[in-house]
Amino acid sequence: MAIACVVLDFDGTFTDVAAESAPFSLHFRDGLAQALGQRVEQVWEEEVAALYAGADLLGWNLGGKVVAPATADPYLTATTAAHRIIQRLGLYPDEAQRSEVVQRLYREAYVHSATAFKPEAKEVLEALLATGLPVTVVTNAHTDLVEKKLDTLAPRGRERLKVSGDARKFLLDAPDAPDARFDAVPETQTLDGVLRRPIYLRRGRYFEALKRIWDTTGTRPDQTLVAGDIFELDLAMPAALGAHVQLVARANVLPYELKAIELLGPRGGVDRSLHAVVSRLR
């Protein structure tokens with residue numbers, strides 16, 4: 001099946017996540033201390049160390065379900081550590097209220113993130129746009145902030161690069177409107193021998209973002225290539241829907257992510273270079 005639609009993650013996929021997130025991390029931790037009314041340096045270091053000690057098992061836990069690996073990037077580490085710290089201190093026992101506090105801190109700190117694209121980002125975006133295929137960035141970050149960063153990069157064809165922000169890829173809910181494609185997605189995926197917990201696949205807000213793209217472009221999941229740097233957040237559900245996926249491997253890519261891609265056969269690919277995304281279209 002020829003690719004007719006391209007969907008791209010943003011942070012960590014096209015950006016140098018370590019460089020861009022450094023100021024974010026400082027503002028996030030300061031904001032957490034202010035929100036809790038106490039110093040958090042010691043408890044922060046303890047919780048981050050615990051997360052790295054159980055890299056594949058521990059993660060961002062919502063409603064008793066791990067929705068993403070905590071150590072994949074500094075944004076996830078900060079988010080997960082904040083949830084654990086708030087619970088450890090016995091504050092905001094209501095999960096919805098706790099999540100709102102953490103998401104507010106995330107939004108406020110993300111404004112301070114740096115603009116640090118990977119060296120090949122501009123060339124690859126230009127090559128993707130030159131194909132004439134619809135190309136959309138789907139990201140958890142706010143649309144306007146990502147738009148500004150892409151304006152700074154200014155790839156040729158920028159006017160045709162769409163951004164769908166606030167995708168909330170982490171939410172395990174149903175889409176607002178029933179859809180047989182979503183209903184057919186299994187609730188979980190298991191990777192025996194490499195991952196000690198399930199991967200949750202049904203992410204309704206993310207599905208809605210993808211569905212808007214398919215409806216607008218007249219394409220289908222099996223005609224779509226999705227590229228991202230975190231299998232669980234970016235690629236697991238699209239793959240379950242029948243899409244082709246490309247894992248833009250991080251330096252700390254986890255073994256279960258590689259195994260999940262391997263199991264997809266020709267629909268899956270993995271490479272540290274963004275150039276491999278373009279190669280999937282040939």
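This is a predicted model: local features need pLDDT of at least 70, side-chain atom pairs count only at pLDDT 80 or more; totals for chains, interfaces and linings use all residues.
**First stop: helices H2 and H3.** Please select Glu46 and Arg88, which form a salt bridge with their closest N and O atoms 2.4 Å apart. Glu46 belongs to helix H2 (residues 41-53) and Arg88 to helix H3 (residues 74-88), so this pair ties together parts that are 42 residues apart in sequence. Glu46 is partly exposed, at 34% relative accessibility, and Arg88 is likewise partly exposed, at 44%.

Arg84 lies in helix H3 and Glu47 in helix H2, so the pair ties together parts that are 37 residues apart in sequence. Here Arg84 is partly exposed, at 27% relative accessibility, whereas Glu47 is buried, at 7%.

Select Arg158 and Glu147, where the side chains form a salt bridge at 2.3 Å, N to O. Arg158 is in the loop between helix H6 (143-153) and E5, and Glu147 is in helix H6 itself, so the pair ties together parts that are 11 residues apart in sequence. Arg158 is buried, at 12% relative accessibility, while Glu147 is partly exposed, at 24%.

Proceed to Ser164, in strand E5. Ser164 is buried, with a relative accessible area of 13%. Leaving aside residues up to four places away in sequence, Ser164 touches Thr136, Val137, Val138, Thr139, Thr143, Ala209 and Arg212.

Select Asp166, found in the loop between strand E5 (161-164) and helix H7 (180-183). Although Asp166 is not a glycine, its phi is positive, at about 55°. Asp166 is partly exposed, with a relative accessible area of 38%. Arg168 is placed in the loop between E5 and H7, and its phi is also positive, near 50°, in a residue other than glycine. The relative accessible area of Arg168 is 33%, which makes Arg168 partly exposed.

**Last stop: helix H9.** Finally, select residues 231-240, which form helix H9; this helix is mostly covered, with 9 of its 10 residues buried. Among the buried residues are Phe231, Leu233, Leu235 and Met237. After H9 comes Gly242, with a positive phi near 105°.

Terms used:
Residues are numbered from 1 along each chain as its sequence is written. Side-chain values use heavy atoms; hydrogens and water are left out. Helices (H or I, at least four residues) and strands (E, at least two) are DSSP runs, numbered from the N terminus. Buried means under 20% relative accessible area, exposed over 50%, partly exposed in between (1.4 Å probe, protein chains only). Contact means heavy atoms within 4.5 Å. A salt bridge is a side-chain nitrogen of Lys or Arg within 4 Å of a carboxyl oxygen of Asp or Glu.
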